[in-house]
Amino acid sequence: MSAPEKIAAEPRTEFGKGAARRIRREDKIPAVIYGHGNEPVHVILPGHQTMMALKHGGANALLSLDVDGTEQLALTKDVQIDPIRRVIEHLDFVAVRRGEKVTVDVPIHVVGDAASETLVVNENTVVSIEAEATHIPEFFEVSVEGAAAGTQILAKDLDLPSGTTLLADEDLLIVNVTEQISAEALEAELEEAEAEAGIEHDAPESETEAAEAEAPAEDAAEGTDSE
């Protein structure tokens, strides 16, 4: 993990929705720093610089916030994003110290192409670890290059950096490589499952119309025979 990016934070003194809107109009982000038994610290961060720092640092970005001349290491815990404009509306941080161990969920990135006619299933997209706040991995890379059907990658197979402890179950399934199922085989399995469950489908409209057309013809034939 690279050194935390330094960002100048302004103390926030105005609160409420109106104040928050004014902050965002100035391309700034309201944020709160929690932790270490202290009162929450409300700050304002520069929008573009903070957004780029979070993009570079990943889900567990560590920032060095300069609050009134005092450096505070802050670990990102919650990012609120406007669903329409896709801009950051608010940030929650946890105050940490250098050398302090923290518990985080680190994303899994699957790379490579498995063997032909296989299906790669990412069973778990994050894994829980304990690491020093200044040495949190941005992600764990898992390669499935050439992997055959039946290959399983477990949490214990991950390459953990020195000083990092796996908190998840060692046998937690991360990636499962299975045989690719053809459309015909999938449809057959579905029909079999529906039959076992007693599910019946109405006949297609074309079949229904054909049956209705055949019925009068059969009735007419029976009438001729009786005459």
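Author: D82 is found in the loop that runs between β5 and β6 (88-96), and in this predicted model its relative accessibility is 12%, so the residue counts as buried, the cut-off for that class being under 20%. The side chain of D82 reaches the backbone nitrogen of R85 at 2.7 Å, and, once neighbours within four places in sequence are left aside, D82 is in contact with V87 and E89.

D27, in the loop between α1 (17-25) and β2 (28-34), has a phi near 60°, a positive value in a residue other than glycine, and with a relative accessibility of 48% D27 counts as partly exposed. E117, placed in the loop between β7 and β8 (118-122), likewise has a phi near 60°, but at 64% relative accessibility E117 counts as exposed. As background, most residues other than glycine have a negative phi.

Four of them form an open sheet with mixed pairing, in the order β10-β7-β9-β12, and its edges are β10 (140-143) and β12 (165-166), each of which pairs on one side only. Strand β7, which covers residues 101-111, pairs with β10 in the parallel sense over four bridges, and the bridge partner of V111 in β10 is S143.

The largest nonpolar core has 25 residues, of which V127 and I129 touch the most other members. At least two residues of this core come from each of β5 (70-81), β7, β9 (126-132), β10 and β13 (173-179), and β7 gives the most, with four residues. Not counting residues up to four places away in sequence, V127 touches V104, D105, V106, I108, F140, A155, L158, L166 and A168. Apart from this core lies another, of 18 residues, which includes I29, I33, A74 and A95. In soluble globular proteins, nonpolar side chains tend to be buried together.

Terms used: Residues are numbered from 1 along each chain as its sequence is written. This is a predicted model: local features need pLDDT of at least 70, side-chain atom pairs count only at pLDDT 80 or more; totals for chains, interfaces and linings use all residues. Side-chain values use heavy atoms; hydrogens and water are left out. Two strands pair if DSSP finds at least two bridges between them. A nonpolar core is a set of buried Ala, Val, Leu, Ile, Met, Phe, Trp, Tyr and Cys residues joined through side-chain atoms within 4.5 Å. Buried means under 20% relative accessible area, exposed over 50%, partly exposed in between (1.4 Å probe, protein chains only). Contact means heavy atoms within 4.5 Å. A polar contact is a pair of N or O atoms within 3.5 Å; within protein, one must be able to donate a hydrogen and the other to accept it, and residues adjacent in sequence count only if both atoms are side-chain atoms.
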